[in-house]
Number of protein chains: 2
Amino acid sequence: MRAIAVDAMGSDAAPLPEIEGAILAAQAQHAEVILVGPQDRLLRELERRSAKGLKIEIVHASEAVTMEDEAAKAFRRKRDSSIRVAARLVRDGKVDGLISAGNTGAVMTTAKILLGTLEGVDRPALAQVFPSSVHGKASVLLDVGANVDCKPLHLEQFAVMGEIYYRVIFGAEKPRVGLLSNGTETHKGTEATREALARLNELNLNFAGYVEGRDLFNGRVDVIVADGFIGNVALKISEGMVDTFSSLLREALSSSLPSKVGYLLSRRAFERMKKRLDYSEYGGAPLLGVKGVCIICHGGSNANAIKNAIRVAAEFSEGRVNEKIERELALASLSKN
Amino acid sequence: MRAIAVDAMGSDAAPLPEIEGAILAAQAQHAEVILVGPQDRLLRELERRSAKGLKIEIVHASEAVTMEDEAAKAFRRKRDSSIRVAARLVRDGKVDGLISAGNTGAVMTTAKILLGTLEGVDRPALAQVFPSSVHGKASVLLDVGANVDCKPLHLEQFAVMGEIYYRVIFGAEKPRVGLLSNGTETHKGTEATREALARLNELNLNFAGYVEGRDLFNGRVDVIVADGFIGNVALKISEGMVDTFSSLLREALSSSLPSKVGYLLSRRAFERMKKRLDYSEYGGAPLLGVKGVCIICHGGSNANAIKNAIRVAAEFSEGRVNEKIERELALASLSKN
C-alpha cells in the first residue's frame with residue numbers, strides 16, 4: 001500500500017476534515033496515511049474517533065500556513081509548517097505523495113522548491129477536474145493557476161502531462177486533448193496559442209485542435225490545455241456559476257407553495273444533480289510535473305474530498321504517472337532532433 | 001423616434017425572428033424599424049402578419065452572409081449583403097443604428113470598415129451583458145471577442161467605453177469597474193494586465209481593481225474588462241454551463257415519478273429562473289467604439305431578443321453613448337499630457 005502525507009492544517013475547518021478524511025481513506029484501504037500537524041491535538045482527535053487499528057500515523061509540525069500568508073514568505077519563514085514538513089516526507093522518500101487543502105500558492109511554491117521538477121518539465125501545472133454533462137465523464141483543465149504568461153513550449157508540456165494523468169486516473173486509453181481558444185478555426189487564438197497548436201499537432205496525441213469555453217463541459221474532449229491565467233479565470237467562472245445557479249434554484253423553489261412542495265418531491269433528484277457537480281468527488285487538483293505526488297484540495301473540502309484526494313494520490317503513484325511523463329517528454333524532444 | 005436598421009437575414013431562423021421582433025419593437029414604439037433583406041419575401045411576411053400602420057420599412061438587399069462565410073471575404077465579395085446594406089444606412093445617416101443576429105465576425109468587420117471608429121478609440125470592443133445572482137442586476141463584460149492580443153492602452157479604452165455604456169443603458173450613476181485577473185492582489189495577472197491596472201487607477205472611474213472569474217455573476221462589479229481572447233473564453237464557458245445545468249436539471253427531474261410530479265409543481269419557478277439566465281432579455285452585444293450604433297445578437301435569437309436589441313440600440317443613440325465616449329477619452333488623454 002502507498003503512503004500518503006496529509007497536511008492536517010490546510011482546510012478552512014482544519015484539522016477535522018483532514019482527520020475524518022484520513023480515517024475514511026484508511027478504512028477503505030486507499031493508502032497508509034501520515035497526518036502532519038500539531039501532534040497532541042491530532043492524537044486527541046484521532047483517539048476520540050476510535051481510529052485504532054487503522055494505518056494512520058502522526059508526524060509533528062509546529063506551524064501552519066494561513067490563507068493570508070504570502071507564498072514565498074511563508075516558505076522562508078515558517079520552516080516547520082505542516083505543508084513544508086509534509087513535502088519533506090515526500091522528498092526524503094518516506095511517503096509517496098502529499099495532499100493539502102491549504103493556501104494553494106504556498107503549497108505550489110513549497111512543492112516546486114522542495115520536490116523539484118521532473119526531467120523535461122520547465123513548469124509544473126495545476127490540473128483541475130471538471131464534471132461534464134455526459135454521464136460519468138469528467139474533463140481535466142490545466143493549467144488553472146500555477147503559471148501566467150506561458151510560452152508555447154509550456155503549453156506543449158502541459159498537454160503531455162494532462163494526457164498521461166487522465167489516462168491513468170480515468171482509465172481512458174486515448175484521451176482526446178484540446179487547446180483552449182476563442183474559436184475552433186486555426187487562424188483564431190493568440191500568437192502563443194497558434195504556435196502551441198502547431199507543436200501539439202506534431203505530438204503523438206489524440207489531438208482535437210482548438211476547443212472553446214463550452215467544450216469544458218460537453219465531453220467533446222477529455223483534456224483541455226490553457227495557460228494559467230486563462231485556466232484560472234475559467235475555473236473561477238465555473239465555480240461562480242455553480243454558486244449562482246444554486247442560489248437562483250433555491251430562490252425559485254422557495255417562491256411559492258406549489259414550488260416548495262415540488263421541491264420536496266424532487267429533492268433526491270436535486271441532490272443527485274448536486275453530487276454530479278460536486279468537485280469534492282473528484283479528489284483535488286494535482287500539481288503535475290513535480291517529483292513525487294502533490295494534490296491540492298479546495299479550502300472548503302469536507303472529509304469526503306480529503307478521502308478522494310488520498311485515493312487519487314495513491315493511484316497517481318501506483319500508475320507511475322511521473323515515469324510516464326518523463327518518458328513521453330524525452331520522446332517528444334528526441335523526435336524533434 | 002430613432003430609426004434602427006435590422007439585418008433581416010442574420011439569425012439561424014431568419015427572417016422570422018427579425019420580422020416578428022421588428023413588429024414587437026414597432027408596436028412598443030421603441031423605434032422606427034427598417035428591415036434589410038430580400039424585399040419580396042419580407043413584404044410577403046409582413047403582410048401576412050398585418051403589420052399595417054406600424055413604422056416598419058423595407059430596404060432591399062439581394063445577398064446574405066452565412067455563418068460559414070469568412071468575415072473579410074464576405075465583406076469583399078457580398079457587396080449587396082443585408083449586413084453591408086444595413087451598415088451603409090447607418091454610415092449615410094439614414095438610420096441611427098443597426099442590429100444583426102448574423103455572423104459575428106462579418107458584422108464586426110463590416111461595421112469597423114464602413115462606420116469607422118470614434119475619435120480616440122483604437123479598437124472597438126464587443127460588450128456582453130451577463131445576468132447576476134443579485135436580483136435585477138446585470139454585469140457587462142468586454143471585450144468578448146473582437147480583439148485578441150490586447151495592449152494595456154486598449155484595455156483602458158474598453159474600461160471607459162464599458163462604463164459609459166453601463167451608465168446609459170442600466171441607469172447606474174457610478175458603475176463599478178473591475179479588471180479580470182487570476183487573483184485580486186496587485187502582483188497577480190500578466191504583464192499586460194498589471195500595466196492596465198496602473199492605467200485604470202489613474203482614470204476618473206469607480207475602479208475596483210482586479211476581479212476574478214466568479215465576480216462576473218455576484219454583483220461585485222458592474223463592468224468587467226478583459227482582452228478579447230479571455231473575454232470570449234469566459235462568455236462561452238458561461239453559455240456552456242447554462243446548457244449543462246439545464247440538461248442536468250432536466251435529467252434529474254425526469255428520473256423518478258415523485259421528481260416528475262415535483263417538476264410539474266415547480267415549473268413556473270423554473271421558468272422564472274430560466275428567464276433570469278436568459279441572454280435574450282438583455283438585448284444583444286453592442287460593438288462599442290464604432291460610429292453609429294451596432295448591436296450583435298446571438299444566432300439563436302428569438303423575436304423577443306430582436307425586440308430588446310432594437311430597444312437598446314435606440315437607447316444607445318438617445319443616450320449619446322458615442323459622444324460621451326469621445327469626450328471621456330479626450331479628457332483621459334489630456335490629463336496625461
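Predicted model: local features only at pLDDT ≥ 70, side-chain atom pairs only at ≥ 80, totals over all residues.

Reply: In chain A, helix H2 (residues 39-48) lies across E2 and E3, and runs at about 160 degrees to E3(A). Helix H5 (residues 104-115) of chain A also packs on the sheet, where it touches strands E4 (97-100), E5 (125-131), E10 (285-288) and E11 (293-296). The direction of H5 makes about 175 degrees with that of E11(A).

Me: In what order do the strands of the open sheet in chain A stand?

Reply: The order of the eleven strands is E3-E2-E1-E4-E11-E10-E5-E6-E9-E7-E8, with mixed pairing. Strand E3 (56-60) and strand E8 (206-211) of chain A each have a single partner strand, so one side of each is left without a neighbour in the sheet. On average, neighbouring strands are turned by 25 degrees against each other, direction ignored.

Me: In which sense do E2 and E3 of chain A pair?

Reply: Strand E2 (residues 32-37) pairs with E3(A) in the parallel sense, over five bridges. There, A:Val36 stands opposite A:Val59 of E3(A).

Me: How many residues does each chain bring to the contact between chains A and B?

Reply: The size of an interface is often given as the accessible area lost when the parts come together. Here we count residues instead: chain A gives 50 residues and chain B gives 50 residues. On the side of chain A, helix H8 (228-253) and helix H9 (257-277) are the elements that give two or more residues. H8(A) gives the most, with 20 residues. By class, that side of chain A has 23 nonpolar, 18 polar and nine charged residues.

Technical notes: Residues numbered from 1 in each chain as written. Chains lettered and ligands numbered in written order. Pairing = 2+ DSSP bridges. Helix = DSSP H or I, 4+ residues; strand = E, 2+ residues; numbered from the N terminus. Axes fitted to C-alpha atoms, helices over the stretch in contact; angles between N-to-C directions. Contact = placed C-beta atoms within 7 Å. Nonpolar A, V, L, I, M, F, W, Y, C, P; charged D, E, K, R; others polar.
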